[in-house]
Amino acid sequence: MHKYFQVFKLSLISEFAYRFNFILWRFRNVIQILVVFFFWNSVFSGQNEAVFGYNREKILTYVFGILVLRSIVLSSRAVDVAGEISSGNLTNFLIKPLGYFRYWFTRDVASKVLNLGFSVLEIALLYFLIKPPIYVQSDFLTIVGFLISLSIAVVLFFLVLFLVNSVSFWMPENAWAAQFLFIVIILEFFSGGIFPLDVLPSSLVSLFSYLPFYYLLFFPLQVYLGKVSYILMFKGIFISLLWLLILWFCLSKVWKMGVREYSAEGR
Amino acid sequence: MERVILIDKLVKEFVVNTKEPGFFAGIRSVFRPKKKRVLALDNISFSVDEGELVGFIGPNGAGKTTTLKILSGLLYPTSGLVQVLGFDPWEKNHKYLKNISLVMGQKNQLWWDLPAVETFELNRAIYEIPNRDYKRSLDELVSLLEVGGLLNVPVRRLSLGQRMRLELVASLLHRPRVLFLDEPTIGLDVLGQTKIREFLVDYNRRSGATMILTSHNMDDILNVVKRVIVINKGRLVFDGPFHLLVESFARKKVVKIYLSDSADIKKFEQYGKVVKVDFPEVVISVPRETVALTSAEILQNFPVADINIEEEPLEEVIKKVFKGGKVKDA
Amino acid sequence: MIKRIKRCFRIWLILGKMSLSLHLMRRFGFVVFFLGKMFRFFFFVLFLFFIFKRTGGVASYSASQAIFFFVVFHFISSLSQMFFRGIYTFRQQVVSGGFDLILSKPLSALFRVVFGSFDFIDLVTLPFFVFALYSSGSLLSPSLLDITFFLALLINSLVLSFSFSVLVVSLSLITLEVDHIVMIYRDLETMARFPVDIYGKGIGTILTYVIPLGIMITFPAKAFMGILDIKFVVLSFVFGLSSLFLSLKFWRFALKKYASASS
């Protein structure tokens, strides 16, 4: 365990080494959130009734919730893995007595801690600047459900990201394209990172609810906002756990095949 | 002979923002940068005639690259006169730029992922080279540099040496009258260096182009140029024929003796400095003037199997050049 | 003058051919990027459609107007990225010293740097945006004058976008933190997906005149709908021309600064 703690520490330090980049990256996050915030603010300024099951308070909480959940779920250093594989750097890890997944998960956690810290600060700052109404969940069981679904989301994202990174084993020069398509585009929309999914017709939403992306941001936030009943909450947790197992299984298979391919090529 | 390059009392001063460590110092430096003046070129004067091939040497940071950049119009001189082919380089008159070329050993103009011939076509359009001239130049350069089979290979698949030769083709297609070469052999293996060197000498003779060549590599200077200009810390230290440089700085010769039998090594000290003793080899360094006498005495007094008299290694000479002040103009 | 333009155009074509061959070499990435861009576009339109259908309009704009604003945003941002792609790779050229070689050639360095790489992915997506522009625009039944103003303002937007590229390129000569400036601009640019007045008076004004997104994107779209006062049309052109002038001046300043900096 000690060595992973060292990895954690070093990760934090190296993030600080690029602090200027980091701060600008956070700045960009805030801007992105502000764009969405002002949009919804003006959608709801004309009317007081709920739309799509959101009132003004809940939709604005959704927007800020996305800022926090992004930093918990989507902050990651493991995006570099694709590059490690295609550049041949992976070899340095394969010969070390270190769990590769555990290593990157630790680095992810360091990144998440840092980003979470900053996003909390940003929210506090924005809260004082624009004084949005924020919905606070008080039901104990719901909060527990939220935390569970959030933990599942973290692991799910790690698995999805690593699966996408594995493309590098077979197409090293196209790894970035796969990352772009899956992480930047598809994941953003299907996870509710840009718009809450329930804006769409309910038939589409229920279709999406069988995809793993749904459980990264959208579902945990729905739970937090109290928009799902206990039964639906348990159903969602069950489906996401199922996905977790499926992806875990796939990843371990794909990774083994990938490493074999990698060694065969002698990169 | 026409004077092609004329530099008179050239001074170049850089203003450098000093960076302090720490985040807040970094922020502060954005608003109120601490500035420091650095004198890169200090009152340099020289001129180059048409068709000359001049070696420009000096240690790192001496100001070689700065001079070449000023000559090719990239840098703005602080004061002094700079004239090449009758133009002020800084004005970047296209008529001027069409007549020069800048080759930098570590920087490439060839497009990395494309075959070199694509970049050649681009240069043809940029320099407005007429079709027939383009074909003739290309054929000539390709055969001189032996790159015939490489034109249609993506540049990234070529070795550094091959790439450098193609860079030269790209830079010479428009038949520049003046050529600035900044470390053209850097990073190449011995064979690659030799090819480029031979080409440069040959090209200089064929085309009559004026060339200035900077290098770290003494072999470049030794085998290519007749005239050298040495600068150190922004000052001109020497300007003249290469053999004069050696004569005026290499005051000593190196005598290598191979003994056939054991002898009292200490006795060698009376002739000069003993540089190395590794029986049967003894190396001593002897003043230039007395070398003939000394070797005769050694042959007489010691059991000598073989004796060799050599010049000091060039690197040593150059080191002395950098240490000493201005010696003499040729 | 004509001769110079002709020569620049010829060089532009050659550069375009070169970047096309680069694109063709990375066909897989090309397809993926194309699909990604299209997916993002259609999904966004889908969202906007359902949001506006349910809420019956936002800040006095109807659903079809909102979608038109969005399409105009994509169209203009795509056009400027297609032509002025060079700003994304320029910093790298400065750092590696490749820019020195560009500078020593008898061709305007600014031209080479800003127009130097043409983005064919955007060219392929363009027909879709033109179609989207046509189909969402025909719902708004513009007059011929509206369309004329729209097209003129579109050109003005490209002038503004060019000025912005010149600004970025010049900044890259002075400081190395330019990548972030570009990315932050791109984030801010997304605010113009919606008409900038929905952000309220304060932010709306900043977005119109300081980051000129309003002038670049919202104004042309509004002119198309016939809801832009003529004085704003005039103002847009004044703004476009003066930013062009200022940015070119800044480029010359930056070049001189670069020339006196240490290597």
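**Exercise 1.** Which residue of chain C forms a salt bridge with B:Lys69, and how far apart are the closest N and O atoms?

*Solution.* Keep in mind that this is a predicted model. Start at B:Lys69 and look across to chain C: the partner is C:Asp100, with the closest N and O atoms 3.1 Å apart. Next, take in the whole interface of chain C and chain B, where the rule finds four salt bridges. Then count the residue pairs in polar contact between these two chains, both residues at pLDDT 80 or more: there are six.

**Exercise 2.** Work out which elements and residues build the side of chain C that touches chain B.

*Solution.* First, the contacts: 32 residues of chain C meet 32 residues of chain B. Second, the area: about 3,000 Å² is buried between the two chains, and carbon and sulfur atoms give 65% of it. On the chain C side, C:Met18, C:Leu101 and C:Pro106 supply 21% of what that chain buries here, more than any other three residues. Third, the elements: α1 (2-25), α5 (98-103) and α12 (230-259) of chain C each give two or more residues. The largest share, eleven residues, comes from α1(C). Last, sort by class: 14 nonpolar, ten polar and eight charged.

**Exercise 3.** Which residues form the nonpolar patch on the surface of chain A?

*Solution.* Pick out A:Leu141, A:Tyr230, A:Ile231 and A:Phe234, which together have about 420 Å² of accessible area. Now place them: helix α12 (residues 230-265) of chain A gives the largest share, three residues, and A:Phe234 sits in that helix.

Terms used: Residues numbered from 1 in each chain as written. Chains lettered and ligands numbered in written order. Predicted model: local features only at pLDDT ≥ 70, side-chain atom pairs only at ≥ 80, totals over all residues. Heavy atoms only, no water. Contact = heavy atoms within 4.5 Å. Buried area = accessible area lost by both parts, 1.4 Å probe. Salt bridge = Lys/Arg side-chain N within 4 Å of Asp/Glu carboxyl O. Polar contact = N/O pair within 3.5 Å; in protein donor to acceptor, adjacent residues only side chain to side chain. Helix = DSSP H or I, 4+ residues; strand = E, 2+ residues; numbered from the N terminus. Nonpolar A, V, L, I, M, F, W, Y, C, P; charged D, E, K, R; others polar. Patch = residues over 30% accessible without salt bridge, like charges linked within 9 Å, V, L, I, M, F, W, Y side chains within 5 Å. Areas by Shrake-Rupley, 256 points an atom, 1.4 Å probe, with all protein chains shown as cover.
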